[in-house]
Amino acid sequence: TAAFAVELDLGFTAKVKSVDLFLMDEGPACRLSASADGKAWEPCGAAEAAGAIDGVKKVSLAAGDRVCRFLRVEFGERPKERALAVAEVDVWGVLPE
């Protein structure tokens, strides 16, 4: 199945430390990018493919204390017969003062 991306608008600028993804079924490779304006993106962290998942698997992507408002997670290709479910996304960082 083809690669795709999901973009998150935090609604405010924050210093993001990491993003935790809780995946089910299939864990493709994924990459995290951050942006202040939603147009210019900086690569942050990445994770290798986890393959078939029995239950839920936590995948952590480092953001490197990026100050941003927008986050993009790019998911790589996965086997056609395997689904991907994102059960939860946690963004860790510091809120603006």
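Start with Asp20, and select Asp90 in β5 as well: the two stand opposite each other. This is a predicted model, where local features need pLDDT of at least 70, side-chain atom pairs count only at pLDDT 80 or more, and totals for chains, interfaces and linings use all residues. Residues are numbered from 1 along each chain as its sequence is written, and side-chain values use heavy atoms, without hydrogens and water.

Next, show β1 and β5. They run antiparallel and are joined by nine bridges. Strands are DSSP runs of E, at least two residues, numbered from the N terminus; two of them pair if DSSP finds at least two bridges between them.

Now pick the rings. Which residues form the one aromatic pair? Select Phe4 and Phe75: their centres are 5.0 Å apart and their planes at 25°, so the pair is stacked (centres within 6.5 Å, planes under 30 degrees apart). Phe4 lies in β1 (residues 4-27) and Phe75 in β4 (residues 51-75), 71 residues apart. Phe75 is buried at 4% relative accessibility, while Phe4 is partly exposed at 35% (buried is under 20% relative accessible area, exposed over 50%, partly exposed in between; 1.4 Å probe, protein chains only).

Last stop: Trp41. The charged end of Arg72 sits over its ring, 4.1 Å from the centre (CZ of Arg within 6 Å of the ring centre and within 35 degrees of the ring normal).

Methods. Phe/Tyr/Trp six-rings, centres within 6.5 Å; stacked < 30°, edge-to-face > 60°. Helix = DSSP H or I, 4+ residues; strand = E, 2+ residues; numbered from the N terminus.
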